[in-house]
Amino acid sequence: MIKALCYSLKTKPLPISTIARTISSSSVLNENHRCKLLVVGGGAGGCSVAAKASNKLGEGKVIVLEPADKHYYQPMFTLIGGGIKKLEDSFRAMKTVLPALATWIKDSAIKFEPESNTVYTSNGDKIEYEYLLVAVGLQLNYDKIPGLLEALAIPNGKVCSNYSPKYVNRTFQALQNFKTGNAVFTFPNSPVKCPGAPQKILYIAEHYFRKSNKRNNAQLHYNTALPVLFGVKHYADALWEIIKKRDINVNLRTNLVEVKPDSDEAVFENLDKPDERFTVKYEFLHVTPPMSAPDILKACKSLVNEVGFVDVNKDTLQHQKFSNVFAIGDCSSSPNSKTAASVAAQSQVVYKNLMAVMDGKVPNRVFDGYASCPLVTGYNTCMLAEFDYNLTPLETFPVDQRKERVSMYLMKKDFMPPLYWHLLLNGLWNGPGLMRKLMHLRL
């Protein structure tokens, strides 16, 4: 007999007819729950591992704790900002992407207690687990930049950001409204998800200005807090050639500290000379917000490292202190680039190592730090960057992936979304590792 709500302590087992539905969910306050595996977060990593684990463990053994009604395919936001895709293309109802055999508690974690194998929710529920997977992603800190939220609240304004579904539609509006002056793009002094995305919209915007006969009136500036254009030199060298060819001004070690919407001005600091600041008048401003691990995660000091990320072994993704805890995706301390492609590669490592620990074995699957960044460089071209922990290229295709290609653009635009929805979230896609071996073996 299937037991309801993952061994709910306050309810008796319900008949199958009561719980035979696509997704089990809980709306009762102040309940106690027990489960074999608790997955906190219903993003790409949480969905993928929950799907694998629930298929293995059976119905009612996995709980997914996730408050959102919608699941967004965030890599599409760049294309939405460029007017290539629509926001409605980027999401599905959360209940349709979570695994059918898992129990969905539509709530958020408010407190982690790994010492007692317990998580508390904002509605007052208590969830006791045998094993825990933390998959809560990153927190967008728009409020850390004075004046930014006010600027983003101005209807049809000049300030935009692709990183949130709340603001992404503003980007193409601002591109259309642009007349003449400075178009400024930022990269913050913090970890970010998809570190290539702040650059992608820069190249798309430059192409848009050319297509709409505005390029001669636009001065493009990319102000990045990083000391390099891109973290992997193999691709950075090729990107510098694009920058030069398109006459884009790049300021390294330059961080946005304030937005003045009343005067359309942005204030930047020189990170190498903290007392040195300068102000830029903008006609268009795309802001990548500072990001961090979620506050509720940072509050559990025994679970995280000194900067608030879940403290895991970078190879096995198992927690350094609590052997029954794993992390996946952006909230993990593993030093890989934070992308959806990394999650795909991590998902099988986490799943196999979780199953090993459940069987009393030592986890031996190793994550190599794989990350992929399809660097969209316009309305029909893309450069596919793939690399590992050592920032060494780890390329799938037997071609020079530093070259801008239409084929890579079509893969990003048309192939990757269905792969995400139908394979990754269902636990059926573990990254291109096998494909890479086959293609290079053939050579």
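How much of the chain over residues 36–150 is helix, and how much is strand? I started my notebook with that one. I'm working from a predicted model, by the way.

**Entry: the annotated stretch**
I picked residues 36–150 because of a record, and UniProt lists them, in an unreviewed entry, as "domain: FAD/NAD(P)-binding". I got 23% helix and 33% strand over this stretch. I also checked its ends, and their C-alpha atoms are 45 Å apart.

**Entry: two helices**
Two packed helices are described by the angle between their axes and the distance between the axes. I looked up both for a pair further along. Helix α7 covers residues 197–211 and helix α8 covers residues 233–245. Their axes come within 12 Å and cross at roughly 30 degrees. I noted the hand too: the crossing of α7 and α8 is left-handed.

Which residues in α7 and α8 meet? On the α7 side I found Q199, L202 and Y203, and on the α8 side L239, I242 and I243. Sorted by class, this contact of α7 with α8 has five nonpolar residues, one polar and no charged ones.

**Entry: a sheet**
Next I traced an open sheet of five strands, and I wrote down its order as β11-β18-β12-β13-β14. The pairing is parallel. Which strands sit at the edges? They are β11 (159–160) and β14 (249–251), and each of these pairs on one side only.

Then I zoomed in on one pair inside that order. Strand β12 (residues 181–187) runs parallel to strand β18 (residues 284–286), with three bridges in the pairing. For a landmark, I found A183 standing opposite F284 in β18.

Note on methods: Residues are numbered from 1 along each chain as its sequence is written. This is a predicted model: local features need pLDDT of at least 70, side-chain atom pairs count only at pLDDT 80 or more; totals for chains, interfaces and linings use all residues. Side-chain values use heavy atoms; hydrogens and water are left out. Helices (H or I, at least four residues) and strands (E, at least two) are DSSP runs, numbered from the N terminus. Axes are lines fitted to C-alpha atoms, for helices over the stretch in contact, and angles run from 0 to 180 degrees between N-to-C directions. A crossing is left-handed if the near helix is turned anticlockwise from the far one by less than a right angle, and right-handed if clockwise. Contact means heavy atoms within 4.5 Å. Ala, Val, Leu, Ile, Met, Phe, Trp, Tyr, Cys and Pro count as nonpolar, Asp, Glu, Lys and Arg as charged, and the others, Gly among them, as polar. Two strands pair if DSSP finds at least two bridges between them.
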